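Subject: Structure handover

Hello,

Here is the structure I promised to pass on. My notes on it follow below.

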Amino acid sequence: MAATKIYIVYYSTWGHVTALAEELKKGAESVDGVEVTVWRVPETLPEEVLGKMYAAPKREDHPVITARQLAEADGLLLGFPTRFGMMAAQMKAFLDSTGGLWQEQALAGKPAGFFFATGTQGGGQESTALTAVTQLAHHGMVYVPIGGTFGARMFGMDEVRGGSAYGAGTFAGADGSRTPSEIELAMANHQGKQFAAVAKKLKA
């Protein structure tokens, strides 16, 4: 049987979403018969602006994806930072370019999940996922959240932690200086593994 192809597609400004994407990949690859590729969406900001924002260098080992390539995947994990409680404009612009796939319903029935980074607590860890679900609905995709499958660590109150039932997440800090914590990376790894198992089951 052919491998289950998982595409992890993300946008990251300061590298926080990139770090989660790498952990999702490790988790997904731990499932037998699953093949994972990590992709970036096209940047919409000029280099001059990115420089003034002190944006992290782009990961050249993560190629830039085209909308048409989404149809090749058996499952999609989409990652993005939050901008005022919704996905960043770069990811929205990319999804806006999928009209041709929508006309064909080329993504219908495929599983998809989300992961994200917000600046601070209350910055949109849940609203970002909720508002992104509309993209999946119009494409007829199957939303696969984490739910409570990460176990007791999802509910601890002893440390600041991103992520929720909707997907793995991290806090960047107001100035972008915070890096993903051990538990946030562990949740991302778990999501990758859980999502890959669901995608494999659906493909079968």
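Gly 15 is partly exposed, with a relative accessible area of 25%. (Buried means under 20% relative accessible area, exposed over 50%, partly exposed in between, with a 1.4 Å probe and protein chains only.) Gly 15 sits in the loop between β1 and α1. Ala 55 is 40 residues from Gly 15 in sequence, and the two are 8.1 Å apart in space, C-alpha to C-alpha. Helices (H or I, at least four residues) and strands (E, at least two) are DSSP runs, numbered from the N terminus.

Please note that this is a predicted model: local features need pLDDT of at least 70, side-chain atom pairs count only at pLDDT 80 or more, and totals for chains, interfaces and linings use all residues. Residues are numbered from 1 along each chain as its sequence is written, and side-chain values use heavy atoms, with hydrogens and water left out.

Helix α1

Helix α1 covers residues 16-29. At 1.5 Å a residue, its 14 residues should span 20 Å, and the end C-alpha atoms are 20 Å apart, which agrees. (The expected span is 1.5 Å times one less than the number of residues.) Buried residues of α1 include His 16, Val 17, Leu 20 and Leu 24. The buried residues of α1 pack against β1, β2, β3 (75-83), β5 (111-118), β7 (169-171) and α6 (182-203).

Glu 23 also lies in helix α1. Glu 23 is buried, with a relative accessible area of 15%. Leaving aside neighbours within four places in sequence, Glu 23 is in contact with Leu 185, Ala 188 and Asn 189. (Contact means heavy atoms within 4.5 Å.)

Aromatic pairs

How many aromatic pairs does a search of the whole structure find? There are three. Rings of Phe, Tyr and Trp (its six-membered ring) pair if their centres lie within 6.5 Å; planes under 30 degrees apart count as stacked, over 60 as edge-to-face and the rest as tilted. Tyr 7 and Trp 39 form a tilted pair, 5.2 Å centre to centre with 55° between the planes. Tyr 7 lies in strand β1 (residues 4-10) and Trp 39 in strand β2 (residues 34-40), so the pair ties together parts that are 32 residues apart in sequence. Both Tyr 7 and Trp 39 are buried. Phe 80, Phe 114 and Tyr 143 form one aromatic cluster.

Pocket and cavity

On a 1 Å grid over the protein atoms alone, a cavity is a set of points where a 1.4 Å probe fits but cannot get out, and a pocket is an open set with protein on both sides within 12 Å along at least five of seven lines; lining residues have an atom within 4 Å of a point. Grid points are joined across faces, edges and corners, and a volume is the space filled by probe spheres set on the points.

The largest pocket has a volume of about 220 Å³. Its lining has 16 residues, and Trp 14, Arg 83, Thr 118, Gly 119 and Ala 172 lie nearest its centre. The largest share of that lining, three residues, comes from β3.

Thr 118 is in strand β5. Thr 118 is buried, with a relative accessible area of 1%.

There is one cavity of 30 Å³ or more. About 70 Å³ of space lies in the largest cavity. Helix α5 (127-139) supplies at least two residues of its lining, and α5 gives the most, with three residues.

Best wishes
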